[in-house]
Amino acid sequence: MKGILLHTLVLFFALTTFGAAFAPKSLAQQPGFINSTSQIKPVENSERNILVDLVAIKTGQGIVRIHQSNAIKGLIKVRTSSSIDLLDDETLFTTMPGYKVQIYSGNARDSRSIANSRSAQVKQLYPDLESVILYNAPFWKVQIGNFVTREEAQEVLRNVKKSFPSFGKQSFIVRTTIKVPI
């Protein structure tokens, strides 16, 4: 067992120090494996992913070499600039499926003012929760929070119903796209 461990450590040291030139032939010569940074071609901004970022040569930093099957490249999600945005002046966020608590939906003449009023009431009591007023003709809606799990949304729904009993029948959980800080 010690011999195998020693052999593995020596091989690891050789690979990390000298690169793929000292890799075993079964790995270094196997088709479909990336054995040096020279095999990774620069890609356009729209196709950038974490592998390209890792192997990018940067002045004053070390060189990263990735040994993997080319099939892995297809499994890595491509990161686009449109999937990352600013939540406020300094917080980056991305969007994903999740839950919000809807506290109002109406299509009467005064629905817009009711939506604004309810949003302000919730913001006053729960300043950390995002409150969004939506208009999808002919309905005005107010949704609060960004919850990854339904359980988180359920807890806030219970608290909102306790704090605002008049919202009770119109308050429920909706599955939607949420903002998640990065």
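The charged end of Lys 179 sits over the ring of Phe 93, 5.4 Å from the ring centre. A charge is taken to sit over a ring if NZ of Lys or CZ of Arg is within 6 Å of the ring centre and within 35 degrees of the ring normal. The model is predicted: local features need pLDDT of at least 70, side-chain atom pairs count only at pLDDT 80 or more, and totals for chains, interfaces and linings use all residues. Residues are numbered from 1 along each chain as its sequence is written, and side-chain values use heavy atoms, with hydrogens and water left out.

Two aromatic pairs are present. Rings of Phe, Tyr and Trp (its six-membered ring) pair if their centres lie within 6.5 Å; planes under 30 degrees apart count as stacked, over 60 as edge-to-face and the rest as tilted. Tyr 135 and Trp 140 form a tilted pair, 4.5 Å centre to centre with 40 degrees between the planes. The ring centres of Phe 164 and Phe 167 are 4.7 Å apart and their planes are at 10 degrees, so this pair is stacked.

Burial was assigned from relative accessible area (buried under 20%, exposed over 50%, partly exposed in between; 1.4 Å probe, protein chains only). Tyr 135 is partly exposed, at 48%. Trp 140 is buried, at 19%. Phe 164 and Phe 167 are buried.

The buried residues of helix α5 are Ser 111, Ala 115, Arg 118, Ser 119 and Val 122. They lie on the same side of α5, because they cover an arc of only 100 degrees around the axis. The arc is that of the directions from the helix axis to the C-beta atoms.

Definitions and conventions. Helix = DSSP H or I, 4+ residues; strand = E, 2+ residues; numbered from the N terminus.
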